[in-house]
Amino acid sequence: MSSFVRTMELPTSGARTLPGRFFSSQRIFDLEMDRIFTQRWLCIGRSDRIAEPGAYLLQAVGPESIIVLRDKSGQPRAYYNVCRHRGTRMCEQKEGRFSETIQCPYHAWTYALDGRLLAAPSSDTIDGFSKADYPLHRVGTAEWEGWLFINLTPDGQSFDSAFAPVIGRFSRYGLPELTVARRIEYDVKANWKLIVQNYQECYHCAPVHPALTKLSPPTSGEMDLHEGPFLGGYMTLVDGAETLSFSGRACGLPVSGDLPDEDHRRVYYYSLFPNMLLSLHHDYVMAHTLWPLGPDHTYIECEWLFNPKSLDNPAFDPEDGITFWDRTNREDWHVCELSQRGVSSRSYVPGPYSRRESITAAFDQEVLRSLGEDA
């Protein structure tokens, strides 16, 4: 296990909150899409969303539409949803299954699942035309701990290099074997950074989350990742609480038989820059993925994963934990929307971070490093 540091012991070095333009400026938002969301590895959900060869889904990343599919060999692949002929979007349904090929509905250019152009009607009349010159534009793909990731800059940093600090870190949780029990979508009128910042501190928990603080002391945090793109650590449960649920009782069997006793008394929270929030309980795992839609608008998908044996066992109630966090999520989204309104005010000026917000200050630094001097 890694060494942990109490949140209050991490310095903020006089850090202040970001200026208002980082939450309201279209220019800053466009810069984030260009330098963060098209450059970094983005989580798009569980791998079993495209479980069988030919299965596909569409993922929007800002204005871009990405086709993510499983090819005949079982490997994930992804392409821009753009025909190489006249740029037509080829797929319209959010998910489905290709039989053998991908065909553009406009002029019937047809592609293999590996992206090769197979057929282009009347192309024999085009001087010097070669189908080999017109494959679909590739997007990087990776699978990690049962989740799928894409990178719109496929020749950028490799997944293994980018995710080196967390590869193997959560293996004791048996994440690839877990089953999604529920998936809830949220439409939040707040900047994506406000949502990540809120996730990374419990300074707000006492006034905002009364049910949560009864089960987990808001000052109990210790962090083992406290700089760079991956941030987080754990908080503890009070005596008598088995997990975070309305009843306080466990919602299922342990997610893995490899968890040490200490992990039964902890809940781990990690933000994986830029769009994944991973919350690890001994009896279930919660994962958020964030998709910025505008400076003041974010779409969020939240999934709850359990040991599959828990879902068939009447002794457990997964909804006890799911509804607990659904309420907690909505409490968070409400204060994030209030924050959005406030930081958009002409009167807003950056305020000082407390020691209990040191991880939030570290997230801000990662944003600033990513954007460079133009921000």
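**View 1. Phe273 and Phe363 in the predicted model.** Phe273 and Phe363 are both buried in this structure, which is a predicted model. Their ring centres lie 5.9 Å apart and their planes meet at 55°, so the pair counts as tilted; tilted is the class left between stacked, under 30 degrees, and edge-to-face, over 60. Phe273 belongs to the loop between β15 (266–272) and β16 (276–280), whereas Phe363 belongs to helix α9 (residues 358–371), so the pair ties together parts that are 90 residues apart in sequence. Helix α9 itself lies across β13 (222–226) and β14, and runs at about 10° to β13.

**View 2. The stacked pair Phe159 and Phe163.** The structure holds 29 aromatic pairs. In the pair formed by Phe159 and Phe163, the ring centres are 4.3 Å apart and the planes are at 20°, so this pair is stacked. Phe159 has a relative accessibility of 7% and therefore counts as buried, the limit for that class being under 20%. Phe163 is buried as well, with a relative accessible area of 2%.

**View 3. Arginine side chains over aromatic rings.** Arg172 lies over the face of Tyr268, 5.2 Å from the ring centre. Arg266 places its charged end over the ring of Phe4, at 5.6 Å from the centre of that ring.

**View 4. The eight-stranded sheet.** Eight strands make up an open sheet with antiparallel pairing, in the order β1-β13-β14-β15-β16-β17-β18-β12. The edges are taken by β1 (5–6) and β12, each with a single partner strand, so one side of each has no neighbour in the sheet. Within the sheet, strand β14 (residues 230–236) is joined to β15 by seven bridges, and the two strands run antiparallel. Gly232 stands opposite Tyr270 of β15.

**View 5. Strand β18 and its two partners.** Strand β18 (residues 297–306) is mostly covered, with nine of its ten residues buried. Thr179 has Phe306 of β18 as its bridge partner. Strand β17 (residues 285–294) is likewise joined to β18 by nine bridges in an antiparallel arrangement. Here the bridge partner of Gly294 is His297 in β18. β17 and β18 form a hairpin, with two residues between them.

**View 6. Surroundings of Thr236.** Thr236 is part of strand β14. Its relative accessibility is 24%, so Thr236 counts as partly exposed. The C-alpha atoms of Thr236 and Arg266 are separated by 4.4 Å, although the two residues are 30 residues apart along the chain. Not counting residues up to four places away in sequence, Thr236 touches Leu215, Ser216, Pro217, Ser220, Arg265 and Arg266.

**View 7. Nonpolar cores and the contacts of Val68.** The largest nonpolar core has 69 residues, of which Val61, Ile66, Val68, Ile150, Leu244, Trp304 and Trp325 touch the most other members. Neighbours within four places in sequence aside, Val68 is in contact with Ile44, Ile50, Ala55, Tyr56, Leu57, Arg77, Ala78, Leu148 and Ile150. A second, separate core contains 29 residues, including Trp41, Cys43, Leu178 and Leu259.

**View 8. Ser65 in strand β4.** Ser65 is found in strand β4 (residues 64–70). With a relative accessible area of 8%, Ser65 is buried. Beyond neighbours within four places in sequence, the contacts of Ser65 are Leu58, Gln59, Tyr79, Tyr80, Asn81 and Arg89.

**View 9. The three-stranded sheet.** Three strands form an open sheet in the order β7-β8-β9, paired in the antiparallel sense. The edge strands, β7 (101–103) and β9 (117–119), each pair on one side only. On average, neighbouring strands of this sheet are turned by 35° against each other, direction ignored. Two bridges hold the antiparallel pairing of strand β8 (residues 110–112) with β9. Tyr111 stands opposite Leu117 in β9.

Definitions and conventions. Residues numbered from 1 in each chain as written. Predicted model: local features only at pLDDT ≥ 70, side-chain atom pairs only at ≥ 80, totals over all residues. Heavy atoms only, no water. Buried < 20%, exposed > 50% of the residue type's maximum accessible area, 1.4 Å probe, protein only. Helix = DSSP H or I, 4+ residues; strand = E, 2+ residues; numbered from the N terminus. Pairing = 2+ DSSP bridges. Phe/Tyr/Trp six-rings, centres within 6.5 Å; stacked < 30°, edge-to-face > 60°. Lys NZ or Arg CZ within 6 Å of the ring centre and 35° of its normal. Contact = heavy atoms within 4.5 Å. Axes fitted to C-alpha atoms, helices over the stretch in contact; angles between N-to-C directions. Core = buried A, V, L, I, M, F, W, Y, C linked by side-chain atoms within 4.5 Å.
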